[in-house]
Amino acid sequence: MRTRTAPRTRQFLTLTAAVAALTLPAAVPAVAGTAVADTPVLTTGAIGGTPVAVGDVLTASLASGTAATFHSSATGSSGVSCTSSQFTVAVTDNPTAPGTATETLTAHTFDSGSCTSNVTGVLGVNGITVHNLPYTTTVSSDGAVAVTPPSGSTVRTTVALRTLLGSINCVYEAPRLTGTASNDGNSIAFTDQQFTKVSGSGLCFANGYFTATYAPVTDGTEAVYVN
């Protein structure tokens with residue numbers, strides 16, 4: 001009896017080994033090829049959330065209860081203040097974090113009806129217009145934000161004022177703007193960004209210092225986070 005069962009046992013073991021040899025190579029690549037997608041610089045919903053797609057349009061208005069100010073000095077309070085402002089950007093690159101995402105700033109508006117001035121001789125604000133758009137905006141994983149105009153131009157803004165002597169236009173320029181992005185409130189803040197007057201009457205202050213916090217930055221209805 002032992003002489004009959006031994007060959008059958010060896011045959012069974014040989015068959016089992018052959019099946020295992022054929023099965024394992026097919027299973028290993030399936031496991032090795034499963035990888036977690038890298039997190040990009042910009043996501044929605046949460047840190048490490050859904051990637052923001054190239055081409056997505058992001059918007060933000062002023063943080064609740066704040067104003068965008070354009071003062072005559074970094075430490076002063078004389079100038080123009082607006083409680084309604086908004087920017088719009090389109091995402092052009094969103095690489096893996098840590099890194100720098102790139103956007104195109106297509107609009108930066110101020111609601112003139114929300115703007116006031118405390119400059120002596122100024123009765124009101126007719127409007128604030130941002131020129132030379134689009135600008136290139138970058139947002140880095142460390143929160144650094146930069147706004148850069150097209151080559152050969154400047155970040156240019158006209159502040160139109162109503163005065164005792166009639167309407168005047170004060171035109172200001174800056175080579176670029178820098179700001180800070182924060183996941184606390186999904187905000188982008190600019191503090192005392194200096195502009196220099198390039199044209200306008202004596203009622204236009206020589207320098208303008210721009211300060212504003214925009215929040216939340218959203219992709220549609222979802223808040224945007226920086227990774």
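Reader: What makes Cys82 and Cys115 a disulfide?

Author: In this predicted model, the two sulfur atoms lie 2.0 Å apart. The cut-off is within 2.5 Å, so the pair counts as a disulfide.

Reader: Why is the disulfide of Cys82 and Cys115 called right-handed?

Author: Look at the torsion about the S-S bond. The value is about 110°, so the disulfide is right-handed. The pair links distant parts of the chain. Cys82 sits in strand β5 and Cys115 in strand β8, 33 residues apart.

Reader: Are these cysteines buried or exposed, and how do you know?

Author: Cys82 has 1% relative accessibility. Cys115 has a relative accessible area of 9%. Buried means under 20%, so Cys82 is buried and Cys115 is buried.

Reader: How many disulfides does a search of the whole structure find?

Author: Two. A disulfide also joins Cys170 to Cys204, S to S 2.0 Å. Its torsion is about -75°, so this disulfide is left-handed. Cys170 lies in strand β13, and Cys204 in the loop between β15 and β16. They are 34 residues apart.

Reader: Why are Cys170 and Cys204 called buried?

Author: Cys170 has 1% relative accessibility and Cys204 has 4%. The limit is under 20%, so Cys170 counts as buried, and so does Cys204.

Reader: What pattern do the disulfides of the chain follow?

Author: Count the bonded cysteines along the chain. The pattern is 1-2, 3-4.

Reader: Now Thr88. Why is Thr88 called buried?

Author: Its relative accessible area is 17%. Buried means under 20%, so Thr88 is buried. Thr88 is in strand β6.

Key. Residues are numbered from 1 along each chain as its sequence is written. This is a predicted model: local features need pLDDT of at least 70, side-chain atom pairs count only at pLDDT 80 or more; totals for chains, interfaces and linings use all residues. Side-chain values use heavy atoms; hydrogens and water are left out. Helices (H or I, at least four residues) and strands (E, at least two) are DSSP runs, numbered from the N terminus. Buried means under 20% relative accessible area, exposed over 50%, partly exposed in between (1.4 Å probe, protein chains only).
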